[in-house]
Amino acid sequence: MSMVHKRIIVTGLVQGVGFRYFAVMQARKLGVAGWVCNRRDGSVEADVQGSRESVEDFVLAMRQGPRWAEVEQVKITDMAVDNGMPSSFSVHAD
C-alpha cells in the first residue's frame, strides 16, 4: 500500500462550526493518522497520513466540511511520509 502525507489548510467559515470534530470523525472512518487544529487566522489546519485513497477521500471531506461550514479554499501541501507518526488522529490545542 502506497502511503502519502499531506498538510491541509481550510479557509472560510470553518471555526465554531464543528470542523475539527468532523475531521476527527472522517479520519477515524477512513483509517488515516494525524491531527487537526484551529489556526489564529481563522482557518483550520490538518496533517494527515495514510493510504493514497484514504487521504484523497479525507481531502474531499475537508472540501465539503460539516453542515454549518462554508469552505472557501483548501490548500494542500505534499509532505514526506513520517514513519514516526502515531497511528491515531487527534485534535491539537489551539
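Predicted model: local features only at pLDDT ≥ 70, side-chain atom pairs only at ≥ 80, totals over all residues.
Q: What name does UniProt give to residues 5-93?

A: The unreviewed UniProt entry lists the feature "domain: Acylphosphatase-like" there. UniProt positions follow the numbering used here, feature names are shortened, and annotations may be inferred rather than shown by experiment.

Q: How do you know that the span of helix 1 agrees with its twelve residues?

A: The expected span is 1.5 Å times one less than the number of residues. For residues 19-30 that gives 16 Å, and the end C-alpha atoms are 16 Å apart, so the two agree. Just after helix 1, G31 takes a positive phi of about 75°.

Q: Which residues of helix 1 are buried, and what do they pack against?

A: F19, F22, A23, V24, Q26, A27 and L30 are the buried ones. Buried means under 20% relative accessible area, exposed over 50%, and partly exposed in between (1.4 Å probe, protein chains only). Their packing partners are strand 1 (3-13), strand 2 (33-38), strand 3 (44-51), helix 2 (52-64), strand 4 (70-79) and strand 5 (89-91).

Q: Which residues does the UniProt annotation "active site" cover?

A: According to the unreviewed entry, it covers R20 and N38. Although they are spread over 19 residues of sequence, they cluster in space, with a largest C-alpha distance of 7.7 Å. R20 sits in helix 1, while N38 belongs to strand 2.

Q: What makes R20 buried, partly exposed or exposed, and what about N38?

A: R20 has a relative accessible area of 26%, which falls in the in-between range, so R20 is partly exposed. N38 comes in at 13%, under the buried cut-off, so N38 counts as buried.

Q: Why is S51 called buried?

A: Its relative accessibility is 15%, under the cut-off, so S51 counts as buried. S51 is part of strand 3.

Q: What makes the pairing of the S51 and S54 side chains a polar contact?

A: The contact between these side chains is 3.0 Å. A polar contact is a pair of N or O atoms within 3.5 Å; within protein, one must be able to donate a hydrogen and the other to accept it, and residues adjacent in sequence count only if both atoms are side-chain atoms.

Q: How many aromatic pairs does the structure hold, and why is the F58 and F89 pair called by its particular type?

A: There are two. For F58 and F89, the ring centres are 5.6 Å apart and the planes meet at 55°. Rings of Phe, Tyr and Trp (its six-membered ring) pair if their centres lie within 6.5 Å; planes under 30 degrees apart count as stacked, over 60 as edge-to-face and the rest as tilted. So F58 and F89 make a tilted pair. F58 lies in helix 2 and F89 in strand 5, so the pair ties together parts that are 31 residues apart in sequence.

Q: How do you know that F58 is buried, and which residues is F58 in contact with?

A: F58 has a relative accessible area of 0%, so F58 is buried. Contact means heavy atoms within 4.5 Å. Leaving aside neighbours within four places in sequence, F58 is in contact with I8, A23, Q26, A27, L30, V32, A46, V48 and F89.

Q: Which members of the largest nonpolar core touch the most other members?

A: Of its 24 residues, these are I8, F19, F58, M62 and F89. Helix 1 gives the most to this core, with six residues. A nonpolar core is a set of buried Ala, Val, Leu, Ile, Met, Phe, Trp, Tyr and Cys residues joined through side-chain atoms within 4.5 Å.

Terms used
Residues numbered from 1 in each chain as written. Heavy atoms only, no water. Helix = DSSP H or I, 4+ residues; strand = E, 2+ residues; numbered from the N terminus.
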